[in-house]
Amino acid sequence: MAASRLPPSALTLKQFLRRQQVLQLYRKILRAIREVPAEADRRYLKDWAREEFRRNKDATEEDAIRMMITQGNMQLQELQRTLKLAKS
């Protein structure tokens, strides 16, 4: 039997794909925050987003991670709607 070439801490495909979803959500949130007109609000939102992702970085339960991604997407959509209304 051939020994596995992967280190013991390697992510499974499912974990890798979930991690990519989380990173993509984080990037989208930061891009949306750049559109906020007030500097103080931008800084507050950026710190909030960073802290939320840091606080949950060690989550491992699949259902909890999916729920957090869903909540993050809803918050992103709300931010985008608010920015769109502010521009009109």
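**Entry 1: a pair in H2**

I started with helix H2, where Glu52 and Arg55 sit three residues apart and so are separated by about one helical turn. I'm looking at a predicted model, where local features need pLDDT of at least 70, side-chain atom pairs count only at pLDDT 80 or more, and totals for chains, interfaces and linings use all residues. Residues are numbered from 1 along each chain as its sequence is written, and side-chain values use heavy atoms, with hydrogens and water left out. For helices I go by DSSP runs (H or I, at least four residues; strands are E, at least two), numbered from the N terminus.

Glu52 and Arg55 form a salt bridge, with the closest N and O atoms 2.6 Å apart. By that term I mean a side-chain nitrogen of Lys or Arg within 4 Å of a carboxyl oxygen of Asp or Glu. Next I looked up how open the two partners are: Glu52 is partly exposed at 26% relative accessibility, while Arg55 is exposed at 52%. My cut-offs here are under 20% relative accessible area for buried, over 50% for exposed, and partly exposed in between (1.4 Å probe, protein chains only).

**Entry 2: another pair in H2**

I found a salt bridge between the side chains of Arg50 and Asp47 too, at 3.7 Å from N to O. These two are also three residues apart in H2, which runs over residues 39-55, so about one helical turn separates them. Arg50 is partly exposed at 28% relative accessible area, and Asp47 is partly exposed at 41%.

**Entry 3: a bridge between helices**

How many salt bridges does a search of the whole structure find? I get nine. One I wanted to look at joins Arg18 and Glu62, whose closest N and O atoms are 2.5 Å apart. Arg18 lies in H1 (residues 13-34) and Glu62 in H3 (residues 62-87), so the pair ties together parts that are 44 residues apart in sequence. Arg18 is buried, with a relative accessible area of 17%, whereas Glu62 is partly exposed at 22%. I also noted that a network of salt bridges links Arg18, Glu62, Asp63 and Arg66.

**Entry 4: along H3**

I checked the span of H3: its 26 residues reach 38 Å from first C-alpha to last, close to the 38 Å expected at 1.5 Å a residue. The expected span is 1.5 Å times one less than the number of residues in the helix. Which residues of H3 are buried? They are Ile65, Ile69, Gly72, Leu76, Leu79 and Leu83. Their cover includes H1 and H2, counting contact as heavy atoms within 4.5 Å.

From Gln75 to Ile65, ten residues along the chain, I get 15 Å between C-alpha atoms.

**Entry 5: Ile29**

I moved to H1 and picked Ile29. Is Ile29 buried or exposed? Ile29 is buried, with a relative accessible area of 7%. Leaving out residues up to four places away in sequence, I see Ile29 touching Ala49, Phe53, Gly72 and Leu76. Ile29 and Leu79 are 50 residues apart along the chain, yet their C-alpha atoms are separated by 8.6 Å.

**Entry 6: a nonpolar patch**

On the surface I found a nonpolar patch made of Leu11, Leu13, Phe16 and Leu17, with about 400 Å² of accessible area together. Patch residues have over 30% relative accessible area and no salt bridge; like charges are joined within 9 Å, and nonpolar side chains (Val, Leu, Ile, Met, Phe, Trp, Tyr) within 5 Å. The areas come from the Shrake-Rupley method with a 1.4 Å probe, and for residues only the protein chains shown count as cover. Leu17 belongs to H1 and is partly exposed at 46% relative accessible area.

**Entry 7: the record**

Last, I looked up the UniProt annotation: an unreviewed entry gives "domain: Complex 1 LYR protein" for residues 20-78. Its positions are in the numbering used here, feature names are shortened, and annotations may be inferred rather than shown by experiment. Over residues 20-78 I get 83% helix and 0% strand, with the end C-alpha atoms 22 Å apart.
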